[in-house]
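Here's a quick briefing to read alongside the model. Take a look at the sequence and the 3D view first, then work through the points below.

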Amino acid sequence: MFHLLEKRIAQAVASRIEALYGVGEGKPAQTEQPKQTTFGEIAMPAAFQLARQLKKAPKQIAEQLSSAVGTIEGVSAIEIAGNGYLNLRLDRGYYAAGLLAGVKEEEVRSNEKIIVEHTNINPNKAAHIGHLRNAILGDTFVRMLRSTGRTVEVQNYIDNTGVQVADVVVGFRHLEHKTATEVRELTKTTRFDYLCWDLYARISSYYADHPEAKQWRLDMLHSIEEGHSEDAELAHVVADAIVKTHLATMWRLHIVYDVLPRESEILHLQFWATAFEQLKQRKAIYFENQGKNKGCWVMPSSAFREGGTDEGGEGDESKVIVRSNGTVTYVGKDIAYQLWKFGLLGKDFHYRKWHIYPNGHQVWASTDSVQVSKDEHHFGGGARVYNVIDSRQSYLQDVVVAGLRALDYTRQAENSIHFSYEMVALSPRTCVEMGIELSDEDKKRPYVEVSGRKGLGVKADDLIDKLIEKALEEVTSRHLDEAPEKNRSAAEQIAIAALRYFMLKYTRNSVIAFDFGEALSFVGETGPYVQYATVRARNILRKLADRGESLPDFAAVLSREAMSRQLANEDCWQLLLQASKADSAIERAVASGEPAHVARFAFDLAQAFSSFYQKFHVLDEPDPEKKAFLLWMTDYFRAQLERTLDVLGVEAPEYM
RNA sequence: GGGCGCGUAGCUCAACUGGAUAGAGCAUCAGCCUUCGAAGCUGAGGGUUGCAGGUUCGAGCCCUGCCGCGCCCA
């Protein structure tokens with residue numbers, strides 16, 4: 001409703017501007033939120049923007065505009081403020097009646113498929129908090145897109161043939177002397193992702209002490225890539241088992257995927273070979289005959305860097321795509337994968353069912369042999385692709401996009417979006433709590449980077465467990481009479497809200513210095529705070545039923561005039577206005593690509609409700625019209641809170 | 001050396017992409033539970049937005065130069 005009026009006003013003002021001054025070509029005029037609520041509901045700085053073009057004082061333009069605009073449906077007044085702001089006041093009764101009737105603008109649905117790739121964890125050890133930020137950001141963005149009517153496919157790329165998997169396999173082989181069969185048994189009988197976490201740290205430090213052992217890694221990479229050996233089988237056992245644990249961890253946070261494209265298939269189905277041919281034909285890469293990159297296929301830095309050089313010289317920054325020994329780099333495979341995402345490779349994976357979630361959702365995984373008929377499932381071929389990857393990889397993402405551009409896929413290059421975010425580091429205090437030794441230099445820093453190689457970091461499941469434990473204490477202390485399993489399920493929902501909100505409240509390019517104290521907090525700007533407001537709204541409605549009363553027929557009791565009377569109360573009006581902005585807040589967050597904006601809105605909304613809750617005692621209200629109105633407000637808040645929480649991937653518990 | 005990002009209240013972060021008196025949470029202090037749940041509410045103090053210039057009706061945001069920090073590439 002708010003968005004609808006905003007658009008209507010922007011159009012009306014723009015058409016007057018065009019009629020009066022012949023500029024703007026009818027493009028919607030800019031609207032803003034006034035700084036102060038006393039200024040009205042919508043502010044327009046149009047006069048300032050026109051002042052220069054027209055060489056007139058802003059105030060004079062504003063006066064002309066306001067008298068020329070005339071009446072706009074739903075707007076009760078236009079005022080001039082400051083030295084040229086146009087401030088508009090909405091007709092409160094009209095607005096509320098529209099909300100009650102459920103008036104919405106028709107969605108501009110597009111059938112274009114948007115692909116979002118996120119999570120993308122190396123399948124060689126347990127997930128940690130850095131991975132959580134990625135998955136939660138990605139999943140929330142997917143929810144934002146879907147809730148605004150877009151079609152989205154969620155991919156989780158599995159690098160099951162890379163160095164990290166190879167290292168763990170080396171660990172099982174050379175440090176543990178285990179066969180594939182023995183390891184397969186371990187996957188069933190142990191906390192396998194934790195076991196690999198430690199083993200990975202062990203083999204990494206072994207390499208550090210015995211540099212010659214790195215030959216094991218090279219040999220291992222080779223035999224994994226070849227396939228058909230015991231080592232290759234072991235690699236699959238490890239990677240598949242770890243992927244399973246990752247999906248289970250993410251499922252705890254309500255995160256699911258549609259398809260898992262795996263690197264082993266990128267290799268076996270010759271995705272890279274196909275992309276390589278295209279790149280060679282279009283001369284996007286060339287064979288280097290001299291210098292340090294002699295014998296490699298490289299992409300000239302001019303393709304992805306401003307001011308980059310074409311020729312390999314001393315300061316050569318060209319990117320090697322194929323090494324002189326013939327192996328392809330990670331970027332090369334990434335270009336092939338990106339081409340496939342847009343349906344530009346001329347090839348597809350085969351697919352098999354990988355896992356069904358408890359809610360019935362099916363995840364598929366790539367495979368190299370036909371297991372289902374081709375027309376049963378089709379993935380990839382998106383019109384727009386978001387890669388949720390941390391900002392440390394922005395250089396590589398630039399190279400991938402340059403690859404598309406060099407192949408003349410300009411539109412796809414423009415629709416390749418690196419959805420980047422900063423890393424999650426550890427606060428020095430948290431390092432101390434975890435017994436991680438810090439150098440004097442590290443102690444002075446605001447944060448310390450986690451290291452998977454050293455096994456330093458906070459495991460995702462440990463953090464979730466800790467959150468649940470704390471939430472359970474809180475819930476139990478308030479509800480001693482409830483069944484333990486009910487308290488437990490409330491605690492789980494609270495923990496998830498705390499975690500998801502914590503990862504979302506920071507904007508994407510802010511480094512999170514992870515701190516247990518802050519992450520485990522349930523007061524103030526947190527997920528549980530938003531849940532609490534929702535629970536209280538529901539409680540009012542439930543208590544009403546307990547008293548043997550039922551919800552009035554709002555449409556019958558609350559006429560436009562009644563709404564108008566009730567909303568003369570400034571507090572009520574401001575609260576309702578705030579609650580009605582959910583759609584427009586989510587849409588704006590999509591446009592700016594910032595899930596943190598949705599989190600922030602959820603908090604503001606919860607704050608508004610808490611204030612409403614404190615100010616008005618709904619059930620005790622003697623005046624029937626006002627009581628009906630307050631009940632409607634309560635129900636409206638509840639619906640908006642639930643909708644916003646849903647976009648954040650959070651549910652409110654029955655009680656808390 | 002080059003590229004990207006960051007620097008805002010004691011601490012952690014916002015600021016609708018150039019708009020009006022820079023806002024939240026935490027922490028501190030003072031109030032509010034016999035009430036639809038206090039995981040809450042009300043209020044107070046706390047700021048030269050790293051520094052110096054520039055662009056314009058208007059700059060935390062854009063440009064230039066410094067200072068400090070981080071990441072990536074070499």
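Predicted model: local features only at pLDDT ≥ 70, side-chain atom pairs only at ≥ 80, totals over all residues.

As for conventions, residues are numbered from 1 along each chain as its sequence is written, chains are lettered from A and ligands numbered from 1 in the order in which they are written, and side-chain values use heavy atoms, with hydrogens and water left out.

**Aromatic pairs**

- The structure has 29 aromatic pairs; rings of Phe, Tyr and Trp (its six-membered ring) pair if their centres lie within 6.5 Å, and planes under 30 degrees apart count as stacked, over 60 as edge-to-face and the rest as tilted.
- Phe141 and Phe419 make a tilted pair, because their ring planes sit at 35 degrees, with the centres 4.5 Å apart.
- That pair ties together distant parts of the chain, with Phe141 in helix H5 (residues 129-147) and Phe419 in strand S13 (residues 416-421), 278 residues apart; helices (H or I, at least four residues) and strands (E, at least two) are DSSP runs, numbered from the N terminus.
- Phe141 is buried at 1% relative accessibility, and Phe419 is buried at 1% too.
- Phe287 and Trp297 are edge-to-face because their planes are at 65 degrees, with ring centres 5.5 Å apart.
- Phe287 belongs to strand S7 (residues 286-287) and Trp297 to strand S8 (residues 297-299), 10 residues apart.
- Trp297 is partly exposed, at 21% relative accessible area.
- Ring pairs also join Tyr157, Phe271, Tyr337, Trp340, Phe349, Tyr351, Trp364 and Phe379 into a cluster.

**Around RNA strand B**

- There are 53 residues around RNA strand B, and Tyr85, Thr507, Tyr532, Tyr613 and Phe616 come nearest (a residue is near a molecule or strand if one of its heavy atoms lies within 4 Å of it).
- By class, this surface has 24 nonpolar, 15 polar and 14 charged residues; Ala, Val, Leu, Ile, Met, Phe, Trp, Tyr, Cys and Pro count as nonpolar, Asp, Glu, Lys and Arg as charged, and the others, Gly among them, as polar.
- Which helix gives the most to the surface near RNA strand B? H26 does, with 7 residues.
- Of the RNA strand B atoms within 4 Å of the protein, 58% belong to sugar or phosphate, and the rest to bases.
- An N or O atom in the Gln36 side chain is 2.7 Å from a base oxygen of RNA strand B, while one in the Tyr532 side chain is 2.2 Å from a sugar or linking oxygen.
- Lys543 has a polar side-chain atom 3.0 Å from a phosphate oxygen of RNA strand B.

**Strands and sheets**

- An open sheet of 3 strands runs in the order S1-S3-S2, with antiparallel pairing (two strands pair if DSSP finds at least two bridges between them).
- S1 (42-44) and S2 (75-81) are the edge strands, each pairing on one side only.
- S2 and S3 pair over 6 bridges in the antiparallel sense, and Ile78 has Leu88 in S3 as its bridge partner.
- Strand S10 (residues 350-356) and strand S11 (residues 362-367) are also antiparallel, over 6 bridges, with His350 opposite Thr367 in S11.
- S10 and S11 form a hairpin with 5 residues between them, and Gly360 in the turn has a positive phi of about 95 degrees.

Note on methods. Polar contact = N/O pair within 3.5 Å; in protein donor to acceptor, adjacent residues only side chain to side chain. Buried < 20%, exposed > 50% of the residue type's maximum accessible area, 1.4 Å probe, protein only.
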